[in-house]
Amino acid sequence: MAYLQSMPKSETIKLREKHIGAACQLFFRSSPLKIVRGVAQFMYDETGERYLDCINNVAHVGHCHPHVVEAGRNQMSLISTNNRYLHDEIVMLAERLVKTMPEPLSVCFFVNSGSEANDLALRLARVHTKRKDVITLDHAYHGHLTSMIDVSPYKLNLPGGPEKPDWVHVAPVPDVYRGKYTYPNDSTSEENLGKLYADEVGKLCDEIKKKGGVCAFIAESLQSCGGQIIPPEGYLKKVFKHVREANGVCIADEVQVGFGRVGTHMWAFETQGVVPDIVTMGKPMGNGHPVAAVITTPEIAKSFTDTGVEYFNTYGGNPVSCAIANAVLDVIEEERLMERAARVGNHLLSRCEGLQHKHKLIGDVRGRGLFVGVELVTDRETRNPATAEAKHVVNRMREEKILISRDGPDSNVLKFKPPMVFTTQDADRLVDTLDRVLSELNGGMTVNVKLEMMVTPIRDEVSNSSLQTNMPQLLKAI
């Protein structure tokens, strides 16, 4: 069935182009989707067409989960105010989150988004250490606030991106497939690769110590926007040792990968056997509602309190947000979604590894739980990124009513981060369709596909309107 909307899609596009900043880009810009409804792992457009959502990690327990919706509606009908008043929801949420953390992580601050959480984490680190220099990883993304763009090479590396501040130091991302140290070229030992990458952070710590010491090391426990990167064994343990020897604190960004997505643990940093000094979380926490948190140690929290400057966040920790976050935790526990992430994720990873044996375009498959990346390359020996092919695959999958995305510094990694209610049947549909789309490329491209590959670099540099105007001339020139 079609869903009623107040205006036709064409009018929605016109108003967006007129009033929404052009920097706010759409998926599938040449033919954007108008999504009007979501249920579990599916999204529906205005015509009633159903799409399998394989990338929306914000809808952590499924789009519009009834228990989550009801919790928000019920609390909204009672009171929504700031956290300067006592309320059960905020203290219950804090207690539940702390119970999932290793000691001594036990003090919570509530905010509205992952960007805010990371900003506050950096502020806590600076107050505690009385230093400013921060170590981040190449291709990392920690949020859209100015302070977070400063420590996000994912944005700094872009043409026209802001200049990296002097107090920011960038270590190589621990990408063992196409990074500075790789298998099998440098070592077949994963642990040795972890040491090589960790020692890069150690070198930066040694340099920064000459200026007084490190403030913080910040990293996503599994790097998402940088290409679904899984750090090698022992990496974070060795990194944390280097940073703490330089008197810095270690911040684990769990915004993308927390709340059981890895399947084996509630938090992805646990897969590396480490205990951070500060943990940040967002997106999945509210299943689409803006709520996030920072959890730290009593020692760091005391340093913050001792400044005498009150921390106040108007909406952070309000009863509605906390009721919703508590409901999300209910669903994770009651529906045993961590176990599902492990079971379905292992099945998805195994099926993708099967495709790797069949399609030369797939250079690497990696993942943990429902966090999986498939890296496309034009040549397995050189590992050159298959950027245009990845874009074509994403668009073809959309035509098959399956929504995926691509990321990484070369936009050649297909990423799968579906809602946690994803099933093995969904995984099979995803992989079977991907198999068919890749076979289209391997089995001889049509004229249209070849043109798409050739036009892609040009299309990415021009606006939709100019593209539409000049496409006939571009195709003729090709």
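Over which residues does pLDDT stay under 50?

**Figure 1. Confidence of the predicted model.** pLDDT, the predictor's confidence in each residue from 0 to 100, stays under 50 over residues 456-478. The model has 19 contacts beyond four places in sequence for residues 456-478, with contact meaning heavy atoms within 4.5 Å. Where pLDDT is low, the predicted coordinates should not be read in detail. The protein chain has a mean pLDDT of 91, and 91% of its residues reach 70 or more. In this predicted model, local features need pLDDT of at least 70 and side-chain atom pairs count only at pLDDT 80 or more, while totals for chains, interfaces and linings use all residues. Residues are numbered from 1 along each chain as its sequence is written, and side-chain values use heavy atoms, with hydrogens and water left out.

**Figure 2. The seven-stranded open sheet.** The strand order is β4-β10-β9-β8-β7-β5-β6, with mixed pairing. β4 (107-111) and β6 (168-171) are the edge strands; each has a single partner strand, so one side of each lacks a neighbour in the sheet. From one strand to the next, the twist averages 20°. Strands (E, at least two residues) and helices (H or I, at least four) are DSSP runs, numbered from the N terminus. Two strands pair if DSSP finds at least two bridges between them.

**Figure 3. Strand β8 and its partners.** β8 (residues 249-253) runs parallel to β9 (residues 278-281), joined by three bridges. A252 faces V279 of β9 as its opposite residue, and D253 has T280 of β9 as bridge partner. Five bridges link β7 to β8, and these strands also run parallel. Here A216 stands opposite V249 of β8. Five of the five residues of β8 are buried, so this strand is largely enclosed by the rest of the structure. Buried means under 20% relative accessible area, exposed over 50%, partly exposed in between (1.4 Å probe, protein chains only). Both faces of β8 are covered: V249, I251 and D253 lie on one side, C250 and A252 on the other.

Figure 4. Axes are lines fitted to C-alpha atoms, for helices over the stretch in contact; angles run from 0 to 180 degrees between N-to-C directions. β7, α8 and β8 form a right-handed β-α-β unit: with the strands pointing away from the viewer, the path from the first strand over the helix to the second runs clockwise. Helix α9 (residues 298-306) lies across β4, β8, β9 and β10 (292-296), at about 60° to β4.

**Figure 5. The α4-α9 crossing.** The axes of α4 (residues 114-129) and α9 come within 9 Å and cross at roughly 80°. That makes α4 roughly perpendicular to α9 (65 to 115 degrees; under 35 is roughly parallel, over 145 roughly antiparallel, the rest oblique). From α4, L120, R123, L124, V127 and H128 meet E299, I300, S303 and F304 of α9.

**Figure 6. Residue Q272.** Q272 sits in the loop between β8 and β9. Q272 is buried, with a relative accessible area of 10%. Leaving aside residues up to four places away in sequence, Q272 touches P231, P232, E233, G234, Y235, L236 and K237.
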